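Thanks for coming. Please have the sequence and the view open.

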Amino acid sequence: VQLQASGGGLVLAGGSLRLSCAASGRTFSGQAMGWFRQAPGKEREFVAVINWSGGSTVYADSVKGRFTIIRDNAKTTVYLQMNSLKPEDTALYYCAAGRRVTGHGSLYDYWGQGTQVTVSS
């Protein structure tokens with residue numbers, strides 16, 4: 001699976017962005033898809049994950065209620081809708097594909113390149 005993330009940018013606090021992760025290659029629909037982020041000087045952290053059907057999602061507490069992960073298997077794309085953005089959401093955001101619905105990045109098999117999200121106060 002090859003993953004291409006896009007949609008990052010600069011936004012004011014309180015604003016919204018929608019990230020996209022387009023997949024190609026092996027079967028996309030059977031993979032759980034996750035979003036992770038890494039801020040400068042910090043470790044990578046889990047953001048959200050969605051199962052293969054889209055029927056199950058898990059969010060980090062820090063984004064719960066503000067971010068929504070959805071997938072379109074027909075378009076082999078997963079999205080991260082980010083609302084009420086805060087300066088602490090500033091990071092490089094990565095999408096990943098794996099066989100399990102998990103927040104552990106080490107269990108994902110495929111990673112896309114990052115897309116930068118910067119939230120100014």
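Is tryptophan 35 buried or exposed? Before I answer, note that this is a predicted model. Tryptophan 35 has 0% relative accessibility, and the cut-off for buried is under 20%, so tryptophan 35 counts as buried.

Now to where this residue sits. Tryptophan 35 is part of strand β4.

Next, the core. The largest nonpolar core is made of 36 residues. Trp35 is among those with the most contacts inside this core, along with Leu80, Met82 and Tyr93. Which elements give two or more residues to the core? They are β1 (2–6), β3 (17–24), β4 (32–38), β5 (45–50), β7 (67–72), β8 (77–82), β9 (91–98) and β11 (115–120).

Let me turn to a sheet. An open sheet is formed by 4 strands, and if you follow the order you read β1-β3-β8-β7, with antiparallel pairing. β1 and β7 are at the edges, and each has a single partner strand, so one side of each has no neighbour in the sheet. On average, neighbouring strands here are turned by 15 degrees against each other, with direction ignored.

For a place to look, find serine 6: the residue opposite is serine 20, in β3.

That is where I will stop.

Notes:
Residues numbered from 1 in each chain as written. Predicted model: local features only at pLDDT ≥ 70, side-chain atom pairs only at ≥ 80, totals over all residues. Heavy atoms only, no water. Core = buried A, V, L, I, M, F, W, Y, C linked by side-chain atoms within 4.5 Å. Buried < 20%, exposed > 50% of the residue type's maximum accessible area, 1.4 Å probe, protein only. Pairing = 2+ DSSP bridges. Axes fitted to C-alpha atoms, helices over the stretch in contact; angles between N-to-C directions.
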